[in-house]
Amino acid sequence: MIYLELFTTFFMIGLFTIGGGYAMLSLIQAQVVTIHNWIDEKTFTDIVAISQMTPGPVGINSATYIGYTVLQQSGAPEMMCILGSFSTTIAVVLPSFIIVLGICRMYSRFKNNTVFEGLMSGIKPAVVGLIGAAAIVLMTKENFPDWKSWVLFAAAFAASWWGKANPIIVILAGGMSGLILY
């Protein structure tokens with residue numbers, strides 16, 4: 001039964017998320033922490049942190065890890081936990097796959113349609129809002145940024161926005177600064 005619940009929940013998350021993995025995080029948090037109470041807030045924050053460190057999209061990595069964790073916490077055997085990971089991963093990816101397949105088939109017919117162009121333009125601000133919501137959801141008491149983090153953020157933003165710095169250089173400089181400051 002839990003597999004069907006996990007699959008349905010993550011299928012709906014995948015279906016209603018526009019903007020990628022970070023936009024998906026606030027929906028995942030609402031479902032798995034608030035509505036279903038499958039995991040607590042700290043575990044969710046840890047899962048997101050680990051999902052960011054592993055290769056691949058953060059939303060899919062989070063879904064995979066949550067599927068495993070929910071079953072592990074319920075006392076399921078290892079193979080059942082892996083099946084939970086598989087279930088959530090397939091569920092969160094399947095809607096996008098179906099939608100993209102349909103769009104590819106229809107794009108050539110509608111690419112010059114003003115309604116279609118307007119729809120695509122209207123989606124952009126919604127994506128920014130969903131990513132902002134994910135950032136706010138992740139700012140819990142345990143990981144609220146201190147003044148050093150804000151300084152690093154401001155420096156990275158300025159270097160990227162106005163200085164047009166290479167993102168790899170910004171990441172490396174941020175990592176080195178973090179090592180020195182912390």
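This is a short tour of the structure, stop by stop, with something to select at each one.

**The whole chain**

Start with everything shown as a cartoon. Keep in mind that this is a predicted model. The protein chain has eight helices and zero strands. Follow the cartoon along the sequence and the pattern reads α-α-α-α-α-α-α-α. Along its principal axes, the C-alpha trace spans about 55 × 50 × 25 Å.

The accessible surface of the protein chain comes to about 11,600 Å². Carbon and sulfur atoms account for 73% of that area. Of the 182 residues, 27% count as buried. Contacts are worth a look too. Take those between residues at least 6 apart in sequence: 60% of them join residues at least 24 apart.

**Two domains**

Colour residues 2–139 one way and 144–182 another. These ranges are domain 1 and domain 2 in the domain assignment. How far apart are the centres of domain 1 and domain 2? Taken over C-alpha atoms, 28 Å separate them.

**The nonpolar core**

Hide the surface. Select F10, I28, V32, I39, F44 and I66. These residues have the most contacts inside the largest nonpolar core, which has 23 residues. Which elements give two or more residues to this core? They are helix 1 (2–16), helix 2 (21–35), helix 3 (41–53), helix 4 (58–73), helix 5 (78–110) and helix 6. As general background, nonpolar side chains in soluble globular proteins tend to be buried together.

Zoom in on F10. Beyond its neighbours up to four places away in sequence, F10 touches I28, V32, A63, I66, T88, A91 and V92.

**S62 in helix 4**

Next, select S62. You will find S62 in helix 4. Is S62 buried or exposed? S62 is buried, with a relative accessible area of 0%. Show what surrounds this residue. Leaving out residues up to four places away in sequence, S62 touches L25, I28, I47, V48 and S51.

**A23 in helix 2**

Move to A23, in helix 2. A23 also counts as buried, at 0% relative accessibility. A23 and L130 are 107 residues apart in sequence, yet their C-alpha atoms are 4.6 Å apart in space. L130 is one of the contacts of A23; T17, I18 and I131 are the others, with neighbours within four places in sequence left aside.

Show the side chains of K42 and D46. They meet in a salt bridge, 3.4 Å from N to O. The count for the model comes to one salt bridge, and this is the pair to look at. Side chains of opposite charge can pair when their charged atoms come close. Both residues lie in helix 3, four residues apart, or about one turn of the helix. K42 is partly exposed, with a relative accessible area of 47%. D46 is partly exposed as well, at 39%.

**T54, between two helices**

Step on to T54. T54 lies in the loop between helix 3 and helix 4. T54 is partly exposed, with a relative accessible area of 34%. Draw a distance from T54 to P167. The two are 113 residues apart in sequence and 19 Å apart in space, C-alpha to C-alpha.

**The nonpolar patch**

Bring the surface back. Select M139, F144, W150, F153, F157, W161 and W162. Together they form a nonpolar patch on the surface, with about 850 Å² of accessible area. Pick out F144. Where is F144 placed? F144 sits in the loop between helix 6 (114–138) and helix 7 (147–161). F144 counts as exposed because its relative accessible area is 51%, and the cut-off for exposed is over 50%.

**A159 in helix 7**

Finish at A159, which is found in helix 7. At 26% relative accessibility, A159 counts as partly exposed. Show its contacts. Not counting residues up to four places away in sequence, A159 touches K164, A165 and V170. A159 and N113 are 46 residues apart along the chain, and 39 Å separate their C-alpha atoms.

Terms used. Residues are numbered from 1 along each chain as its sequence is written. This is a predicted model: local features need pLDDT of at least 70, side-chain atom pairs count only at pLDDT 80 or more; totals for chains, interfaces and linings use all residues. Side-chain values use heavy atoms; hydrogens and water are left out. Patches are made of residues with over 30% relative accessible area and no salt bridge: like charges are joined within 9 Å, nonpolar side chains (Val, Leu, Ile, Met, Phe, Trp, Tyr) within 5 Å. Accessible areas come from the Shrake-Rupley method with a 1.4 Å probe; for residues, only the protein chains shown count as cover. A salt bridge is a side-chain nitrogen of Lys or Arg within 4 Å of a carboxyl oxygen of Asp or Glu. Buried means under 20% relative accessible area, exposed over 50%, partly exposed in between (1.4 Å probe, protein chains only). A nonpolar core is a set of buried Ala, Val, Leu, Ile, Met, Phe, Trp, Tyr and Cys residues joined through side-chain atoms within 4.5 Å. Contact means heavy atoms within 4.5 Å. Domain bounds come from an automatic or database domain assignment.
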